[in-house]
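I opened a new page for this structure. These are my entries, in the order in which I looked things up.

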Amino acid sequence: MNLSLFFSLLIDYIHSLYFCIRVFPIGEALKVPVNISRNVKIGKVYPGCIVLSRPICHNMLYIGHQGYEAVAENQGLINIEKGGKIIVEGKARFGQGVRLWIDEGAVLTIGDNFYCNKNCLFRVYDNVSFGKDVLFGWNIELNTTDGHYVKIGNQEKQNHSPIALGNHIWVASHVILGKGTVLPDDTVVAECSLVNDSFSERNSLIGGIPAKVLRTDVYWCV
């Protein structure tokens, strides 16, 4: 191992240890269950804001590491407001440049074997849940809120709602997942789609702006 790689890994380890000490009890923190890159800015976090459902061990959750080399890397961010949580039910990896913003009281639940490529944005104002074996491409935006309220006549429109993804889902690159998105098991989302609706048919390809079912009887593998 050359010196530059050694020092790079050492800095990442120190950054990860610092993060874990802020989030976990000291006995768990010393196992460094979260490996977070030095290129990820740490915003607000608090003890207990990340919950790991399995027995604690080294490198259960990666944040800000790897991704498709041809895609330029943005700066990563993790910010969890008071009462917000990330619950990880297994192992999960977020690539370089991923930005995680969990608002007050909101929960992001991630099933086992989750992978997210570079530069994705997670704006979790309402609850978000993923099943197991979910794969995200790069430059995906997930947002549970419109941010501002709109009135139609005298009726104020609700500006947020949960997002729920089932098991074994592949979301291709440059997709927007808006509030109220529901995807059943074995769904494939085509590149550059806008998804803001609830779908129920498994093994389907959805895509378009807004997304609709394009094909059924679709199966995908890694």
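Strands here are DSSP runs of E, at least two residues long, and helices are runs of H or I of at least four, both numbered from the N terminus. Two strands pair if DSSP finds at least two bridges between them. I looked up V51 and found that its bridge partner in β6 is I87.

A note on the source: this is a predicted model, where local features need pLDDT of at least 70 and side-chain atom pairs count only at pLDDT 80 or more, while totals for chains, interfaces and linings use all residues. Residues are numbered from 1 along each chain as its sequence is written, and side-chain values use heavy atoms, with hydrogens and water left out.

Next I followed the sheet. It is open, has 6 strands in the order β3-β6-β9-β12-β17-β20, and its pairing is parallel. The edge strands, β3 (50-52) and β20 (182-183), each pair on one side only.

Then I searched the whole structure for disulfides (pairs of cysteine sulfur atoms within 2.5 Å) and got 0. C116 is buried at 0% relative accessibility, and C120 is buried at 1%. Buried means under 20% relative accessible area, with a 1.4 Å probe and protein chains only.

Last, the whole chain: I noted 2 helices and 24 strands. Of its 222 residues, 47% count as buried.

Methods. Buried < 20%, exposed > 50% of the residue type's maximum accessible area, 1.4 Å probe, protein only.
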